[in-house]
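Work through the exercises below with the sequence and the 3D view open. Each task is followed by a solution in steps.

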Amino acid sequence: MKLSPHLPALLLTALVVTACAPQTSSNSASDKDEKTGTLRVWLFQEVGNKPKEKVVDSVVTAFEKAHEGTEVDVEYIPVETRAQRVKAAFNDPSSAPDVMEYGNTDTAGYVKDGGLLDVTGEFGDWSEAKDTDPTARTSVTVDGKVYGSPFYVGVRALYYRTDVFAELGLQVPKNMAELASTARRIRAAKPELYGLVVGGAYTYGAMPFIWANGGELATGKGGSYASAIDGAAARKGIKEYTSLFTDDNCPAAKCAGMGGNDTVTAFAAGKAGMAIGGDFSHAAVEAGKVKGKYAVVPLPGVTAGSIAPAFAGGNNIGVLKSTSHRTLAVRLMEQLTSKRTQAAMFDAMGFLPTFADVRQQAAAERPYVEPFARTLAAGTRFMPASPGWSRIDSSLVLPTMFQEVISGRKSVAAASKEAATKMDDAFSTAG
């Protein structure tokens, strides 16, 4: 793969993979730490996976060359079926990989299931780890222990139509009140457009409104989370978000059922003046009708000039507890998530690096990254580090809450109270 000439300090640095293995630890469920043999790796299959494979192949080639007698077998698994594959691997170590990519919201659940290896010591000794984004580090941390290495991060910001803003003489919104009023001005002047396209099933697009108003999803840590979604500040954020589902912006009949992909698709198709989309939405927008007619800025917060906290999504790579090649597996994890690899992955796939210095270089190379980098720098948020979150997410607790308010079936107070009850049940059941 041709690496970008704009990242010389990062990409021209030699891949340091020494034949000397790191110090062996002993908290693996396996009593073996073999220094040769085959390492099995599961990574996610992406849309257009070839560039990812090329980067991974280069890491694997260097790793095998540095570790004589070692082979690395990489399998790309569908994201949609990962839950079944991972559960089976946890239950049957003989079928499990040594190293695995996983979504950062899965960390707590996988740790509870006993599947991930505690690599706190190795991560702390790794020289590159000190530059890891704090939120990304949080995504691999459960109860103060580290269970993997961040692979990439994704955040959302505000996409807006530069041609529409210029035609109507609009200024970029500086706070959430201006965001709503600007959206309604667009809709009034151009009724064929949504002002700000929003979705009732778009949890990660809604959360910045709650966080910006001082609300929280939950409080506590470890096994003692309690929902805070029905707190006064959270309710204010819920009200601010759901108030956008009106005929003078984004009609409830059309927008209540939309998810994040739907809103980005609408914007890309030229059907909206603004949308909340991720750095990972860039390719889709570029391929749409609005190419060359849009820009991106951080989503504004409540006060002028502030940035609304965004959810920090992304993936991690960890070592399974059942590995019989602990030392080699940890070393491979580090190489797959190293600065050099993350820079190459950004070049190949557009994945935002989790290292602050690598991300700054990426933003300098490609201007579209800059608002997302600013959003990350302003401080991002994460979901409760509880295995109960998976149940909350899969059972659509928050989308149901938003949609009940949008439809008028329930008040903000009633809907948030019901959601809080469901969340507390999930937290307590998860233990």
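## Exercise 1: a helix and its surroundings

Task: find which elements cover the buried residues of helix 9.

Solution. The model is a predicted one. The cover over the buried residues of helix 9 includes strand 7 (156-161), helix 8 (176-189), helix 10 (232-242), strand 11 (272-278), helix 18 (388-394) and helix 19 (397-407). Next, go through the helix itself: T203, Y204, G205, A206, M207, P208, F209, I210 and W211 are buried. That is nine of the ten residues of helix 9, so the helix is largely enclosed by the rest of the structure. Finally, look just past the end of helix 9, where G214 takes a positive phi of about 90°.

## Exercise 2: a pair of rings

Task: decide whether the rings of Y204 and F311 are stacked or edge-to-face.

Solution. A pair of aromatic rings is described by the distance of the centres and the angle of the planes. Start with the distance: the ring centres of Y204 and F311 are 4.2 Å apart. For rings to count as a pair, the centres must lie within 6.5 Å. Then take the angle: the planes of Y204 and F311 stand at 15°. Planes under 30 degrees apart count as stacked, so the pair Y204 and F311 is stacked.

Now place the two residues in the chain. Y204 belongs to helix 9 (residues 203-212), while F311 sits in the loop between strand 12 (294-297) and strand 13 (313-319). The pair links distant parts of the chain, 107 residues apart.

Last, check burial, for which the cut-off is under 20% relative accessible area. Y204 has 16% and is buried; F311, at 6%, is buried too.

## Exercise 3: other aromatic residues

Task: state how many aromatic pairs a search of the whole structure finds, and which residues form one aromatic cluster.

Solution. The search gives 18 aromatic pairs. Y159, F267, Y294 and F372 make up one cluster. Rings can also have a charge over them: R85 lies over the face of W42, 4.4 Å from the ring centre, and R366 lies over the face of F346 at 4.8 Å.

## Exercise 4: an open sheet

Task: give the strand order of the open sheet formed by five strands.

Solution. The order is 2-1-3-13-6, with mixed pairing. Strand 2 (70-77) and strand 6 (149-154) stand at the edges; each has a single partner strand, so one side of each is without a neighbour in the sheet. From one strand to the next, the twist averages 20°. Strand 1 (residues 37-44) runs parallel to strand 2 and is joined to it by eight bridges. Within this pairing, L39 stands opposite V72 of strand 2.

Note on methods:
Residues are numbered from 1 along each chain as its sequence is written. This is a predicted model: local features need pLDDT of at least 70, side-chain atom pairs count only at pLDDT 80 or more; totals for chains, interfaces and linings use all residues. Side-chain values use heavy atoms; hydrogens and water are left out. Rings of Phe, Tyr and Trp (its six-membered ring) pair if their centres lie within 6.5 Å; planes under 30 degrees apart count as stacked, over 60 as edge-to-face and the rest as tilted. Helices (H or I, at least four residues) and strands (E, at least two) are DSSP runs, numbered from the N terminus. Buried means under 20% relative accessible area, exposed over 50%, partly exposed in between (1.4 Å probe, protein chains only). A charge sits over a ring if NZ of Lys or CZ of Arg is within 6 Å of the ring centre and within 35 degrees of the ring normal. Contact means heavy atoms within 4.5 Å. Two strands pair if DSSP finds at least two bridges between them. Axes are lines fitted to C-alpha atoms, for helices over the stretch in contact, and angles run from 0 to 180 degrees between N-to-C directions.
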